[in-house]
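Subject: Structure for you to look over

Dear colleague,

Here is the structure I said I would pass on, with the sequence alongside. Please open it first, and then read the notes below with it on the screen.

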Amino acid sequence: MGFLDKILMAGYWGSPDKTRDGQQKSDGLLGEDAGGTGRFLSQDRDLQSDLAAQLLLAQMYRSRGSGPAGHSGFGGQMSQYDFSQISHSNHGGDPAVFQRAMKFVGKWEGGLANDPDDRGGRTMAGVTQGTYNAWRRQKGLPQQDVASSTPQERQQLYYENYYVASGAHRMSEPWALAMFDTAVNMGVGRAKELYAQSGGNMERFFELRERKYRQFAGVGNQGKFLNGWLNRLNDLERTVMMG
C-alpha cells in the first residue's frame, strides 16, 4: 500500500461544522492564489510599488499593539516562543505527519462558503471552485460543483497540490506543518518565497507571514479578514511549539 493510500484510508478532514467567518477565515484577499493560480500576484506587486500603500504599511508596522499578543511583530514585543531548536530533518514520509497537518488545516477551513469579498469565490472546506476544476481536469474527470467534492478528493488534492508541491513532505514535522498551512492559506509559491526569505528561521518565517497578512489587509475591504488570519497564525505557532 502506497503512502497516499494510507493517508486516504486514515481519512481525516476536520470539523465540518466550523464556520468561515472573520474569526476563522482563511481566504479573503488570498483568493485563488492559495489555490495555485496566482490571482493575487499582480496586485501584490502593485501594492509593493504604491507609495500610499507603503506609507500605510509603515504606520501599521510602527506599533505591534493592534495584533494579538505573542507575535514578534515589527517594533512591538518579541514572540513568546523559542523556535531556535526546530529541526529541519526529513520526517521520513510518515503518513501520520500529514494527517496531523490536515487536522490543523481542517480546523481552520470550515465547510461551504461563498463570501462576496473572498477572492477565491465558491469554496468547500478550503478548496476553491477554480482549484477543484483544475485538479479534476488533470485527472481527466468532468467538472462539478466543489460542494459535491468528497473528503477523499479534497484530501488527495491537499496532499498533491500543497503538501508535496510546497516541499513539506521532505521537512521535519514542525516545518512540514508550517509550510503546508502557509501553502494552503497563501499559495505554494508564496510559502516557498517566505521560507527562502526567512533563511530557515521559523520565527522569521512567522514574522514574514504576518507581515504579508497586514499587507493584504491594506487592500480594499480585506481588513475584515485580518483577525481571522492572525488567529490562525497564533494557533499555528502554539501547535508547532507543542510538538
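**Aromatic rings and the core**

Tyr163 is buried, and so is Phe180, where buried stands for under 20% relative accessible area, exposed for over 50% and partly exposed for what lies in between, computed with a 1.4 Å probe on protein chains only. Please bear in mind that this is a predicted model, in which local features need pLDDT of at least 70 and side-chain atom pairs count only at pLDDT 80 or more, while totals for chains, interfaces and linings use all residues. Residues are numbered from 1 along each chain as its sequence is written, and side-chain values use heavy atoms, with hydrogens and water left out.

The helices (H or I, at least four residues) and strands (E, at least two) that I name are DSSP runs, numbered from the N terminus. Rings of Phe, Tyr and Trp (for Trp, its six-membered ring) are taken as a pair if their centres lie within 6.5 Å, with planes under 30 degrees apart called stacked, over 60 edge-to-face and the rest tilted. By this rule there are 13 aromatic pairs. One of them joins Phe98 and Tyr163, which are edge-to-face at 4.7 Å centre to centre with 65° between the planes. Phe98 lies in helix H4 and Tyr163 in helix H6, so this pair ties together parts that are 65 residues apart in sequence, and both Phe98 and Tyr163 are buried. The rings of Tyr163 and Phe180 have their centres 5.4 Å apart and their planes at 85°, so they too form an edge-to-face pair; this one links Tyr163 in helix H6 with Phe180 in helix H7, 17 residues apart. Ring pairs link Phe98, Tyr158, Tyr159, Tyr162, Tyr163 and Phe180 into a cluster.

A nonpolar core here is a set of buried Ala, Val, Leu, Ile, Met, Phe, Trp, Tyr and Cys residues joined through side-chain atoms within 4.5 Å. The largest such core has 46 residues, of which Tyr158, Tyr162, Tyr163, Phe180, Phe206 and Tyr213 touch the most other members. The elements that give two or more residues to this core are helices H4 (95–109), H5 (129–138), H6 (151–164), H7 (173–186), H8 (188–198), H9 (202–217) and H10 (226–242), and the largest share, nine residues, comes from H7.

**Two helices**

Helix H7 has 14 residues and reaches 20 Å from its first C-alpha to its last, close to the 20 Å expected at 1.5 Å a residue, the expected span being 1.5 Å times one less than the number of residues. The buried residues of H7 pack against H4, H6, H8, H9 and H10, contact meaning heavy atoms within 4.5 Å. After H7 comes Gly187, whose phi is positive, near 105°.

In helix H5 the buried residues are Gln129, Thr131, Tyr132, Trp135 and Arg136. Seen down the helix axis they fall within an arc of 160°, so they line one face of H5; the arc is that of the directions from the helix axis to the C-beta atoms. On the other side of H5, Arg137 and Gln138 are exposed. The buried residues of H5 pack against strand E3 (127–128) and H6.

**Salt bridges**

With a salt bridge taken as a side-chain nitrogen of Lys or Arg within 4 Å of a carboxyl oxygen of Asp or Glu, a search of the whole structure finds 12. Among them is the bridge between Lys139 and Glu160, at 3.0 Å from N to O, which links Lys139, in the loop between H5 and H6, with Glu160 in helix H6, 21 residues apart. Lys139 is partly exposed, at a relative accessible area of 37%, and Glu160 is also partly exposed, at 25%.

Arg209 and Asp181 meet in a salt bridge of 2.7 Å, N to O; Arg209 lies in helix H9 and Asp181 in helix H7, so the pair ties together parts that are 28 residues apart in sequence. Arg209 is buried, with a relative accessible area of 0%, and Asp181 is buried with a value of 0%. Glu109, Asp181, Arg209 and Arg232 are linked in a network of salt bridges.

Best wishes
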